[in-house]
Amino acid sequence: MYQFIYDLTGNVIISTLVTAVFPLVNVLIVALIGVYLERKISAWIQDRVGPNRVGPFGLFQTVADFIKMMQKEDATPTDIDGKLYNLAPVLVFTGCFAAYAAIPFSSQLIGSEVEVGIFFILAVSSFTVAGILMAGWSSNNKYALLGAMRSAAQIVSYEIPTALVVLSMVMLMGTLSLTKISEMQTAYFWNWNILGGATLGLSKFLLIPFMIVGFIIIFISTLAEVNRTPFDIPEAESELVAGYFTEYCGMKWAMFMLAEYGNMFAVSAIVSILFFGGYHSPFGYLGNSLGINWLIPYEQAFWFVAKGWFFILVQMWLRWTLPRLRVDQLMSLCWKYLIPYAVVNLVVIGIISLL
Amino acid sequence: MKTYFRNTWLGIYTVLVGMKITFKHLFTPAVTIQYPEVKLKMPDRVRNRLYVNIDDCIGCDQCARACPVSCITIDTVKSIPGEDLGTTSNGKKKALWVTKFDIDIAKCCFCQLCVFPCPTECIYMTDVYEFSEYERERLVYKFSSLTEEEVNQKKLNLEKFQAEKEAQKAAAAAAAAAKPKPDAPAQPSAN
C-alpha cells in the first residue's frame, strides 16, 4: 500500500500517513455505520422503526452518541487496579487494530504484505483475551470478573476450531499469505474456495461440501471469538450487567465498542479471504473490460469492503435471530461438535488435496 | 452416534428456520405508531377532557351534584326581571347568571356521571387527551364567560333589586300596619 500511495502522490510523508491512517478510518467508519445498522436492523427484525430522529433516517444517531460519549466524565470506581484498568481498553483495541495491518483490502491496499498474514492475525487478535481479562480483573467488580473469565474461556476454546479450519485452508492453498490466498482465487465467483478453488478437476467438485462445512465452522467460531450473540455470554446484559466493561464509561468504554465492531469487520474479512475470494470481484472487473487499469485496485477495495459488510450484516441478522447460549451449551458446541468436525474436515481436505 | 448427527443437523436446520423468519420480518413494515406525528383516531364514546358549552348552561348545578369527586364548582346569580339571558339551543329559557363554572380536571375521574344529568347537554367529554401542565392550578378550567366586573355588576343588580323588593315589601307592610282594619277581630297568637 505504501508503494501504491507513493506512486500516486510521490510524497513520502503523505504515503506513510495514509498507509497508517487508512485502517483506522476503516475501523471508525465500520463502528459508526455498524452501530447505526445494528440498531436499525434489530428494529426492522422486531417490526419497529429504530433511530429516526437525528438527521435523515436517524443517520446521525451514532455521531450524536459519540459526541455524548466524548463529554462524559471519566468516572473510575474506587479500589481498582489503576494501571491495568487504564491499559485494558488500549490493549483490546490494539489486538483488534493490529489485525488490520495484514488484511489485504485490494491487491495494492495492504498495510504490510507479511508472508505469515493469517498466522499474524490469529496471533495478534489473541491480545484481546489479555485485555478483556485485565479489564475484568482490575475493575474490582464481580460481574466484570465473571464476564472476563467467561470471555477468556470462550475465546481460547473457539480459537481451536478457527485454527483447524485455517490450517486446512493453508494446507490446501500452500501459503499463509493472505494476498496470495486471495490471488489464487481469481476473479470469478466459481473460482472461490467455497466452490472448490481455481483448479478445475475432480478435486474441485469433491472439495465443495467440505468447504461449506469449513465455512460454517469458521463462521460460528469467529462469531464466538468476537463475543457476539448467540455467543455473547461474556457481556450477557441480563445476567452480568455489561460483562467485562461494566465499570468503564466514556471514551474507554467507546474503545471497547470500537474494538468490537473492528473485530466484526476483521473476522468477516478473514472469512471472505479464506472462502469468498478476498478482494476479487465475483463478475470480473470493469477496469479490465474498459481497459482502464488504474481502476482495478479501487474495484477490488469496493468488493472487499462489500464482502466484509455482507458478513457483518449476516452476523447482525444472526444476533437478532438466536437467543444466547448457556455456558455449558457453548462449551459442548465447541468441544463436542465444532472441533471433531473441523478435525475430520482437515483430514479429508488433506486427502483430497493430495489427489 | 445417531443422535450426534441428528443434533448437528437439527442445530443447523433450526438456525436456518429462525433466520428465514427474521428475514421475513426484516421487510414487514413497522407496527410503531410515531405518536406526536401520527395519532390514532379516538373511539366515538371516548372519555377525555370535559368541555362545557357555557352558552347552553342554565346553571342548574346537577352536574356538580352528580360528581363523585366534587371537581365541579358552580356559582350562580339570579337574574332580575328586566334582564334577558336568551334561550339555550334546545329552547330552555335561562334564568341564572353562571358566574363561576370551574372544573378541576386534576381531580376528575373521567366517570362521565356529570354528562348524563345535564338537561341541555352542554357538558360533555371531548377527545382531547394532551393537557398536561407544569402547575397544578392550570388544570382548573374556568368556563364562565362573565368577567369579574360583570359578575360584580350582576351581584350588585340583584342586591339592588332585592333591596328594592324588600323596601317595597316593607313599605307595603308599613302601609298595611298604618291602616288597621277595625272590623277584623284581633287574632290571638297561635303560640
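1. A pocket is an open set of grid points with protein on both sides within 12 Å along at least five of seven lines. In this predicted model, the largest pocket holds about 1,300 Å³ of space. Its lining counts 38 residues. Nearest the centre are A:Ile216, A:Ile220, B:Gly11, B:Ile12 and B:Val15.

2. Which elements each supply at least two residues of the lining of the largest pocket? They are α9, α13 (295-319) and α14 (327-354) of chain A, together with α1 (2-26) of chain B. The largest share comes from α9(A), with 10 residues. By class, the lining divides into 30 nonpolar, 7 polar and 1 charged.

3. The second largest pocket holds about 510 Å³. It is lined by 24 residues. A:Phe66, A:Met69, A:Trp253, A:Ala254 and A:Met257 lie nearest its centre. Helices α2 (12-45), α3 (61-71) and α11 of chain A each give at least two lining residues. α11(A) has the largest share, 8 residues. The classes are 18 nonpolar, 3 polar and 3 charged.

4. The largest cavity has a volume of about 190 Å³. Its lining has 16 residues, and A:Ser125, A:Glu225, A:Val226, A:Asn263 and A:Val267 lie nearest the centre. Two or more residues each come from α5 (117-124), α7 (142-173), α9 (202-225) and α11 (250-275) of chain A. α11(A) gives the most, with 4 residues. The lining has 10 nonpolar, 5 polar and 1 charged residues.

5. Helix α3 of chain B spans residues 148-178. It has 31 residues and reaches 44 Å from its first C-alpha to its last. That is close to the 45 Å expected at 1.5 Å a residue. Which residues of α3(B) are buried? B:Val151, B:Lys154, B:Asn157 and B:Leu158 are. An α-helix has 3.6 residues a turn, so residues three or four places apart point the same way. The cover over the buried residues of α3(B) includes β2 (72-78) and β3 (96-104) of chain B.

6. How many disulfides does the structure hold over all chains? The count is 0. A disulfide needs two cysteine sulfur atoms within 2.5 Å. The sulfur of B:Cys111 has its closest cysteine sulfur in B:Cys109, 3.8 Å away, so the pair is too far apart for a bond. B:Cys111 is partly exposed, at 26% relative accessible area. A:Cys96 counts as buried because its relative accessibility is 0%.

Methods: Residues are numbered from 1 along each chain as its sequence is written. Chains are lettered from A and ligands numbered from 1 in the order in which they are written. This is a predicted model: local features need pLDDT of at least 70, side-chain atom pairs count only at pLDDT 80 or more; totals for chains, interfaces and linings use all residues. Side-chain values use heavy atoms; hydrogens and water are left out. The expected span of a helix is 1.5 Å times one less than its number of residues. Buried means under 20% relative accessible area, exposed over 50%, partly exposed in between (1.4 Å probe, protein chains only). Contact means heavy atoms within 4.5 Å. On a 1 Å grid over the protein atoms alone, a cavity is a set of points where a 1.4 Å probe fits but cannot get out, and a pocket is an open set with protein on both sides within 12 Å along at least five of seven lines; lining residues have an atom within 4 Å of a point. Grid points are joined across faces, edges and corners, and a volume is the space filled by probe spheres set on the points. Ala, Val, Leu, Ile, Met, Phe, Trp, Tyr, Cys and Pro count as nonpolar, Asp, Glu, Lys and Arg as charged, and the others, Gly among them, as polar.
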